[in-house]
Amino acid sequence: MPNPVAVVTGASKGIGRAVALRLATTHDIVALARSDEELESLAQQIERGGGSCRPRVVDITNPKAVASALAGIHADVLVNNAGVGTLKPFMELTRDEWTQMVNVNFNALYDVTRALLPSMIARKSGHVVNIGSIAGRSAFAGGACYAATKHAVVAFSECLMLELRDSGIKVSVVNPGSVATSFSSAADASWKLSPDNVALVVQRVIDTPPNMLVHSVEVRTLTVPKKKE
Ligand SMILES: NC(=O)c1ccc[n+]([C@@H]2O[C@H](COP(=O)([O-])OP(=O)(O)OC[C@H]3O[C@@H](n4cnc5c(N)ncnc54)[C@H](OP(=O)(O)O)[C@@H]3O)[C@@H](O)[C@H]2O)c1
(Lines give C-alpha, C1' and ligand atoms only; values in the text may rest on other atoms or scores of the structure.)
Protein backbone atom coordinates (compact mmCIF):
# COMPACT_ATOMS: atom_id res chain seq x y z
CA MET A 1 0.00 0.00 0.00
CA PRO A 2 1.43 3.44 -0.89
CA ASN A 3 1.56 6.00 1.91
CA PRO A 4 -1.24 8.54 2.10
CA VAL A 5 -0.33 11.99 0.75
CA ALA A 6 -0.31 15.13 2.90
CA VAL A 7 -0.07 18.61 1.35
CA VAL A 8 1.22 21.29 3.73
CA THR A 9 1.26 25.00 2.87
CA GLY A 10 3.82 27.28 4.49
CA ALA A 11 6.07 24.27 5.03
CA SER A 12 9.39 26.12 4.70
CA LYS A 13 9.53 27.11 8.37
CA GLY A 14 7.68 27.45 11.65
CA ILE A 15 4.52 25.45 12.29
CA GLY A 16 4.19 24.20 8.70
CA ARG A 17 7.69 22.75 8.66
CA ALA A 18 7.07 21.00 12.00
CA VAL A 19 3.77 19.60 10.65
CA ALA A 20 5.50 18.34 7.51
CA LEU A 21 8.24 16.66 9.58
CA ARG A 22 5.74 14.96 11.89
CA LEU A 23 3.36 13.81 9.16
CA ALA A 24 6.31 12.52 7.10
CA THR A 25 6.51 9.50 9.43
CA THR A 26 3.17 8.29 8.05
CA HIS A 27 2.54 10.32 4.87
CA ASP A 28 4.26 11.30 1.62
CA ILE A 29 4.57 15.08 1.87
CA VAL A 30 3.92 17.75 -0.73
CA ALA A 31 5.44 20.92 0.76
CA LEU A 32 4.44 24.37 -0.49
CA ALA A 33 6.12 27.74 0.18
CA ARG A 34 8.04 30.44 -1.68
CA SER A 35 11.51 29.72 -0.23
CA ASP A 36 13.28 27.30 -2.51
CA GLU A 37 16.29 26.63 -0.25
CA GLU A 38 14.25 26.06 2.90
CA LEU A 39 11.90 23.65 1.11
CA GLU A 40 14.89 21.80 -0.33
CA SER A 41 16.44 21.42 3.14
CA LEU A 42 13.07 20.17 4.46
CA ALA A 43 12.88 17.59 1.67
CA GLN A 44 16.43 16.42 2.43
CA GLN A 45 15.67 16.17 6.16
CA ILE A 46 12.53 14.12 5.47
CA GLU A 47 14.34 11.86 3.00
CA ARG A 48 17.24 11.31 5.44
CA GLY A 49 14.61 10.04 7.88
CA GLY A 50 13.29 7.57 5.30
CA GLY A 51 10.28 9.64 4.18
CA SER A 52 9.25 11.27 0.94
CA CYS A 53 8.78 14.97 0.21
CA ARG A 54 7.97 16.78 -3.01
CA PRO A 55 8.79 20.49 -2.62
CA ARG A 56 6.63 22.93 -4.61
CA VAL A 57 7.96 26.48 -4.75
CA VAL A 58 4.84 28.59 -5.10
CA ASP A 59 3.32 31.86 -3.98
CA ILE A 60 -0.12 30.75 -2.81
CA THR A 61 -1.58 34.18 -3.61
CA ASN A 62 -1.12 33.36 -7.30
CA PRO A 63 -4.11 31.19 -8.31
CA LYS A 64 -2.53 29.92 -11.57
CA ALA A 65 0.70 28.97 -9.81
CA VAL A 66 -1.29 27.09 -7.15
CA ALA A 67 -3.29 25.18 -9.77
CA SER A 68 -0.12 24.24 -11.62
CA ALA A 69 1.78 23.22 -8.44
CA LEU A 70 -1.05 20.96 -7.29
CA ALA A 71 -2.10 19.48 -10.64
CA GLY A 72 -2.24 15.69 -10.43
CA ILE A 73 -1.83 15.58 -6.63
CA HIS A 74 -4.38 13.36 -4.87
CA ALA A 75 -4.16 14.53 -1.28
CA ASP A 76 -5.47 12.51 1.66
CA VAL A 77 -4.65 15.37 4.01
CA LEU A 78 -4.42 19.10 3.33
CA VAL A 79 -2.97 21.37 6.01
CA ASN A 80 -3.75 24.99 5.13
CA ASN A 81 -1.09 26.54 7.35
CA ALA A 82 0.61 29.40 5.46
CA GLY A 83 -0.09 32.75 7.05
CA VAL A 84 1.28 36.22 7.60
CA GLY A 85 0.57 38.79 10.29
CA THR A 86 1.36 42.49 10.32
CA LEU A 87 0.21 43.57 13.75
CA LYS A 88 -0.05 47.33 14.14
CA PRO A 89 -2.71 49.99 14.69
CA PHE A 90 -5.25 50.10 11.88
CA MET A 91 -4.35 53.68 10.94
CA GLU A 92 -0.72 52.59 10.36
CA LEU A 93 -1.62 49.53 8.29
CA THR A 94 -0.99 50.07 4.59
CA ARG A 95 -3.38 48.82 1.93
CA ASP A 96 -0.68 46.41 0.69
CA GLU A 97 -0.23 44.93 4.19
CA TRP A 98 -4.02 44.53 4.51
CA THR A 99 -4.31 42.92 1.07
CA GLN A 100 -1.39 40.56 1.64
CA MET A 101 -2.89 39.26 4.91
CA VAL A 102 -6.29 38.74 3.29
CA ASN A 103 -4.73 37.06 0.26
CA VAL A 104 -2.41 34.67 2.11
CA ASN A 105 -4.50 33.92 5.20
CA PHE A 106 -7.91 33.72 3.54
CA ASN A 107 -8.15 34.02 -0.25
CA ALA A 108 -5.50 31.34 -0.82
CA LEU A 109 -7.75 28.88 1.06
CA TYR A 110 -10.05 29.08 -1.96
CA ASP A 111 -7.41 28.15 -4.52
CA VAL A 112 -5.51 25.52 -2.54
CA THR A 113 -8.63 23.80 -1.19
CA ARG A 114 -10.43 23.90 -4.56
CA ALA A 115 -7.40 22.32 -6.23
CA LEU A 116 -7.45 19.30 -3.91
CA LEU A 117 -11.08 18.77 -2.88
CA PRO A 118 -12.41 17.27 -6.15
CA SER A 119 -10.21 14.21 -5.74
CA MET A 120 -11.20 13.88 -2.05
CA ILE A 121 -14.88 14.14 -2.99
CA ALA A 122 -14.47 11.53 -5.73
CA ARG A 123 -12.80 9.15 -3.24
CA LYS A 124 -15.23 10.08 -0.41
CA SER A 125 -12.24 10.47 1.85
CA GLY A 126 -9.85 13.15 3.04
CA HIS A 127 -9.07 15.59 5.82
CA VAL A 128 -8.63 19.36 5.55
CA VAL A 129 -6.94 20.92 8.58
CA ASN A 130 -6.86 24.71 8.67
CA ILE A 131 -4.49 26.53 11.01
CA GLY A 132 -6.44 29.37 12.59
CA SER A 133 -5.48 31.20 15.75
CA ILE A 134 -6.92 32.21 19.09
CA ALA A 135 -7.16 35.56 17.25
CA GLY A 136 -9.97 33.84 15.36
CA ARG A 137 -12.30 34.27 18.32
CA SER A 138 -10.85 37.16 20.30
CA ALA A 139 -9.92 40.73 19.52
CA PHE A 140 -6.78 42.68 20.32
CA ALA A 141 -5.52 46.17 19.48
CA GLY A 142 -3.27 45.91 16.44
CA GLY A 143 -5.08 42.88 15.05
CA ALA A 144 -7.81 44.56 12.99
CA CYS A 145 -6.94 42.72 9.78
CA TYR A 146 -5.07 39.66 11.11
CA ALA A 147 -7.79 38.73 13.61
CA ALA A 148 -10.44 39.34 10.95
CA THR A 149 -8.72 36.89 8.58
CA LYS A 150 -8.51 34.30 11.37
CA HIS A 151 -12.19 34.77 12.24
CA ALA A 152 -12.79 34.09 8.54
CA VAL A 153 -10.68 30.91 8.70
CA VAL A 154 -12.78 29.65 11.63
CA ALA A 155 -16.07 30.42 9.84
CA PHE A 156 -14.83 28.88 6.58
CA SER A 157 -13.76 25.75 8.43
CA GLU A 158 -17.11 25.24 10.17
CA CYS A 159 -19.15 25.89 7.00
CA LEU A 160 -16.98 23.53 4.96
CA MET A 161 -17.21 20.88 7.68
CA LEU A 162 -21.01 21.04 7.59
CA GLU A 163 -20.99 20.80 3.77
CA LEU A 164 -18.56 17.91 3.54
CA ARG A 165 -19.08 15.63 6.52
CA ASP A 166 -21.74 13.55 4.72
CA SER A 167 -19.24 13.05 1.89
CA GLY A 168 -16.75 11.31 4.16
CA ILE A 169 -14.41 14.30 4.29
CA LYS A 170 -13.27 15.76 7.60
CA VAL A 171 -12.58 19.45 8.16
CA SER A 172 -10.80 20.69 11.27
CA VAL A 173 -9.42 23.96 12.53
CA VAL A 174 -6.48 24.13 14.95
CA ASN A 175 -6.26 27.45 16.80
CA PRO A 176 -2.90 28.01 18.53
CA GLY A 177 -1.98 30.69 21.02
CA SER A 178 1.53 32.12 20.80
CA VAL A 179 4.05 29.89 19.05
CA ALA A 180 7.82 30.46 18.89
CA THR A 181 8.36 31.10 15.17
CA SER A 182 9.65 33.95 13.02
CA PHE A 183 6.02 35.15 12.85
CA SER A 184 6.73 37.36 15.86
CA SER A 185 9.94 39.22 16.71
CA ALA A 186 9.49 39.01 20.50
CA ALA A 187 12.87 38.92 22.25
CA ASP A 188 11.92 36.13 24.69
CA ALA A 189 10.03 33.26 23.06
CA SER A 190 10.90 30.70 25.74
CA TRP A 191 7.37 30.73 27.24
CA LYS A 192 5.62 30.07 23.92
CA LEU A 193 4.39 26.84 22.40
CA SER A 194 6.91 25.19 20.09
CA PRO A 195 6.00 24.60 16.43
CA ASP A 196 6.17 20.88 17.18
CA ASN A 197 3.54 21.28 19.95
CA VAL A 198 1.13 22.44 17.26
CA ALA A 199 2.30 19.74 14.83
CA LEU A 200 1.53 17.12 17.50
CA VAL A 201 -2.03 18.43 17.72
CA VAL A 202 -2.42 18.30 13.92
CA GLN A 203 -1.15 14.72 13.96
CA ARG A 204 -3.61 13.73 16.71
CA VAL A 205 -6.53 15.48 14.96
CA ILE A 206 -5.83 13.50 11.79
CA ASP A 207 -5.36 10.21 13.61
CA THR A 208 -8.98 9.57 14.64
CA PRO A 209 -11.38 6.70 13.90
CA PRO A 210 -13.21 7.01 10.53
CA ASN A 211 -16.55 7.87 12.16
CA MET A 212 -15.12 10.55 14.43
CA LEU A 213 -14.14 14.15 13.76
CA VAL A 214 -12.27 16.55 16.01
CA HIS A 215 -13.44 19.73 14.35
CA SER A 216 -11.93 22.51 16.46
CA VAL A 217 -9.02 22.60 18.88
CA GLU A 218 -7.48 25.48 20.82
CA VAL A 219 -3.87 25.02 21.91
CA ARG A 220 -2.39 27.15 24.69
CA THR A 221 0.87 27.41 26.57
CA LEU A 222 0.82 27.01 30.35
CA THR A 223 3.80 29.29 30.88
CA VAL A 224 2.35 32.76 30.48
CA PRO A 225 4.96 35.49 31.13
CA LYS A 226 4.51 37.52 34.31
CA LYS A 227 3.36 41.10 33.77
CA LYS A 228 6.02 43.68 34.76
CA GLU A 229 5.28 45.38 38.14
N1 LIG B 1 3.37 31.94 15.52
C2 LIG B 1 2.23 32.17 16.21
O3 LIG B 1 2.26 32.69 17.35
C4 LIG B 1 0.90 31.75 15.64
C5 LIG B 1 -0.20 31.70 16.51
C6 LIG B 1 -1.44 31.30 16.02
C7 LIG B 1 -1.57 30.98 14.68
N8 LIG B 1 -0.49 31.06 13.85
C9 LIG B 1 -0.70 30.71 12.45
O10 LIG B 1 0.13 29.63 12.10
C11 LIG B 1 0.43 29.65 10.71
C12 LIG B 1 1.92 29.49 10.51
O13 LIG B 1 2.58 30.57 11.15
P14 LIG B 1 4.08 30.48 11.70
O15 LIG B 1 4.07 31.02 13.06
O16 LIG B 1 4.65 29.12 11.47
O17 LIG B 1 4.76 31.57 10.76
P18 LIG B 1 6.14 31.56 9.95
O19 LIG B 1 7.21 30.87 10.70
O20 LIG B 1 6.34 32.99 9.55
O21 LIG B 1 5.78 30.69 8.64
C22 LIG B 1 4.84 31.15 7.71
C23 LIG B 1 4.85 30.21 6.52
O24 LIG B 1 3.91 30.71 5.55
C25 LIG B 1 4.55 30.73 4.28
N26 LIG B 1 4.02 31.78 3.44
C27 LIG B 1 3.83 33.09 3.75
N28 LIG B 1 3.37 33.75 2.67
C29 LIG B 1 3.28 32.85 1.66
C30 LIG B 1 2.89 32.94 0.30
N31 LIG B 1 2.50 34.10 -0.24
N32 LIG B 1 2.92 31.82 -0.45
C33 LIG B 1 3.33 30.64 0.09
N34 LIG B 1 3.69 30.50 1.37
C35 LIG B 1 3.68 31.60 2.15
C36 LIG B 1 6.04 30.99 4.62
O37 LIG B 1 6.85 30.49 3.58
P38 LIG B 1 7.72 31.38 2.58
O39 LIG B 1 8.07 32.65 3.28
O40 LIG B 1 8.87 30.50 2.26
O41 LIG B 1 6.82 31.57 1.43
C42 LIG B 1 6.20 30.12 5.86
O43 LIG B 1 6.48 28.79 5.50
C44 LIG B 1 -0.14 30.97 10.19
O45 LIG B 1 -1.37 30.73 9.56
C46 LIG B 1 -0.34 31.80 11.46
O47 LIG B 1 -1.37 32.76 11.30
C48 LIG B 1 0.75 31.43 14.29
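This is a predicted model: local features need pLDDT of at least 70, side-chain atom pairs count only at pLDDT 80 or more; totals for chains, interfaces and linings use all residues.
Residues are numbered from 1 along each chain as its sequence is written, and side-chain values use heavy atoms, with hydrogens and water left out. Local features need pLDDT of at least 70 and side-chain atom pairs count only at pLDDT 80 or more, while totals for chains, interfaces and linings use all residues.

**View 1. The shell around the ligand holds 30 residues.** The closest are Arg34, Ser35, Asn81, Tyr146 and Thr181. By class, the shell has 13 nonpolar, 13 polar and 4 charged residues. Here Ala, Val, Leu, Ile, Met, Phe, Trp, Tyr, Cys and Pro count as nonpolar, Asp, Glu, Lys and Arg as charged, and the others, Gly among them, as polar.

View 2. Alone, the ligand exposes 880 Å², and the protein buries 95% of that. These areas come from the Shrake-Rupley method with a 1.4 Å probe.

**View 3. The ligand sits in the largest pocket.** Sitting there means that more than half of its atoms lie within 2 Å of the pocket's grid points. A pocket is an open set of points on a 1 Å grid over the protein atoms alone, where a 1.4 Å probe fits, with protein on both sides within 12 Å along at least five of seven lines; lining residues have an atom within 4 Å of a point. This pocket holds about 1100 Å³ of space, the volume filled by probe spheres set on the points. Its lining has 43 residues, and Gly83, Val84, Tyr146, Thr181 and Phe183 lie nearest its centre. Of these 43, 20 are nonpolar, 18 polar and 5 charged.

**View 4. The second largest pocket has about 380 Å³ of space.** Its lining has 20 residues. Nearest its centre are Ser125, Gly126, His127, Gly168 and Lys170. The lining divides into 9 nonpolar, 7 polar and 4 charged residues.

Note on methods: A residue is near a molecule or strand if one of its heavy atoms lies within 4 Å of it.
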